[in-house]
Amino acid sequence: EELRRQTGEIFLQTLKTASRSVRGVIMEAELCGHPSLSKELKQKLCIDIVRNLHLLRSDQLVEGTVSLLMKMGGGILSSLEQLIRESSYPVEREVSARALLEIVMAESKANEFLPFYRSLESEEFLPLGVVFRSVGRLCSHPDVDGSRVEEVYRDYSEKLRESPHRFDLIGALAWVAAAPGASRQMAADIALQLIRLFDCNLPSPEVTRSETEDGPMFVLGKETEVYTDLLPDVIGGVARLVCSGKLAPGVCVRTTDRLIEKYDAVMEYREVWAPGNVVELGEALSRIARYEGSSSEVRKKIIETLLKNARNLATARILSEVFCSIPENTDPFSVLAETCMDRLFELREHPAYQEREDQHILVAAVGRMALVPSIGLSDKKGASLKRRAVEALLEEVGPGYPEGNQVLQELALSEHLPPELAERISTLRRFRDA
């Protein structure tokens with residue numbers, strides 16, 4: 001304990017004159033977020049680290065700072081509140097607000113901090129859109145009183161009529177309506193609004209070109225905000241509402257069918273979406289498939305749709321995560337799971353996916369598929385596919401492949417792997433540990 005305290009003090013003194021690279025090394029040290037480091041030292045480190053962000057101008061350090069502050073946990077909540085209200089620099093206030101929100105959600109203090117965030121609506125410490133979205137997230141926590149959820153819902157629904165922050169309010173309401181404290185009527189009303197937005201014809205972004213000393217420069221018009229700011233909230237909100245248990249079963253089925261139809265349309269280029277939005281739609285379908293309230297029929301329909309379009313890495317990852325999470329062990333799902341593994345192995349051999357990072361994504365995906373209980377239970381083909389998956393993982397795993405190492409660890413503990421494969425994994429892990 002004393003050694004940690006002394007090291008923390010050294011870090012604090014070093015930070016006062018540290019260069020960007022030294023500051024980055026200190027921030028990556030596990031000590032800063034260690035549970036045993038005193039609250040007082042964490043608060044001092046928090047304030048020093050955040051108050052220097054405006055000097056560094058590094059997106060990487062900004063993200064690293066948010067991650068580090070989250071690890072510091074509840075002991076720095078008061079310091080983050082202070083920074084939000086007192087810092088002169090927007091980047092420092094916004095980083096503090098992001099970290100504060102995540103800590104509050106993780107430590108079940110959303111009900112306690114909701115009034116603080118609502119008070120920011122009438123002040124100028126943070127962009128109003130950021131505040132609206134933060135309040136929406138807080139309302140989604142199970143600990144927030146239903147009366148407070150309803151108050152935010154009514155207030156934001158009213159603001160939506162005239163506020164210039166419409167996209168942010170829609171994003172907030174998409175969280176509020178799916179909250180445990182929300183009523184079924186709230187959920188139904190917002191679900192209807194989101195589906196209407198989902199079905200709208202989206203504008204094509206205007207692109208202008210200008211010549212500069214460094215060559216041509218392309219500038220996208222404001223229409224892109226629909227794809228970057230609105231559509232992700234609509235997609236994620238619809239999925240959350242379907243999985244909230246607040247919508248009638250028939251509404252959930254019809255809503256899911258609409259998502260499936262849209263996914264087919266954009267994957268077949270009958271409609272053009274930004275690639276990131278297509279991935280978000282796939283992940284929304286994945287969430288619905290993994291939801292415990294979804295029927296086998298809905299799951300099957302989603303999996304068949306994803307399989308039909310399994311020609312990219314994002315869909316490969318999504319499919320493997322779906323199969324690992326659903327409780328289905330019937331023959332139709334076993335056939336679909338084996339078909340999925342065949343497709344993933346085909347992708348792995350495709351010339352377009354020979355880059356090391358692509359191979360790592362695909363190998364992790366086939367490794368997850370080897371965790372599916374129904375594969376290999378009643379046929380030799382399934383057992384052979386599992387063997388191929390384990391062999392592929394054993395070839396690729398190493399220090400630079402954390403995702404693959406994690407999947408291999410899960411396979412070593414799996415009850416659904418042939419004994420000889422489990423032994424091979426255990427032998428390799430023992431050898432590496434030694």
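In the predicted model, the axes of helix α7 (residues 90-106) and helix α8 (residues 110-119) come within 9 Å and cross at roughly 155°. Helices here are DSSP runs (H or I, at least four residues), numbered from the N terminus, and an axis is a line fitted to C-alpha atoms over the stretch in contact, with angles running from 0 to 180 degrees between N-to-C directions. The pair α7 and α8 is therefore roughly antiparallel, a label for angles over 145 degrees. Their crossing is left-handed, meaning that the near helix is turned anticlockwise from the far one by less than a right angle.

What do these two helices touch each other with? On the α7 side there are A97, L100, L101, V104 and M105, and these meet A110, F113, F116 and Y117 of α8; contact means heavy atoms within 4.5 Å. Sorted by class, that makes nine nonpolar residues, with no polar and no charged ones. In this scheme Ala, Val, Leu, Ile, Met, Phe, Trp, Tyr, Cys and Pro are nonpolar, Asp, Glu, Lys and Arg are charged, and the others, Gly among them, are polar.

Now for another pair. Helix α19 (residues 356-369) and helix α20 (residues 380-396) have axes that come within 9 Å and cross at roughly 140°. From α19, the contact uses R356, H360, V363, V366 and G367, while α20 brings A389, A392, L393 and E396. By class, this contact has five nonpolar, two polar and two charged residues.

Helix α20 has 17 residues and should span 24 Å at 1.5 Å a residue; its end C-alpha atoms are 25 Å apart, which agrees. The expected span is 1.5 Å times one less than the number of residues. Among the buried residues of α20 are A389, A392, L393 and E396, where buried means under 20% relative accessible area (1.4 Å probe, protein chains only).

Helix α5 (residues 59-72) has 14 residues and reaches 20 Å from its first C-alpha to its last, close to the 20 Å expected. Its buried residues are L61, V62, T65, V66, L68, L69 and M72. Just after α5, G73 takes a positive phi of about 75°.

Residues are numbered from 1 along each chain as its sequence is written. Local features need pLDDT of at least 70, side-chain atom pairs count only at pLDDT 80 or more, totals for chains, interfaces and linings use all residues, and side-chain values use heavy atoms, leaving out hydrogens and water.

Note on methods
Buried < 20%, exposed > 50% of the residue type's maximum accessible area, 1.4 Å probe, protein only. Parallel < 35°, antiparallel > 145°, perpendicular 65-115°, else oblique.
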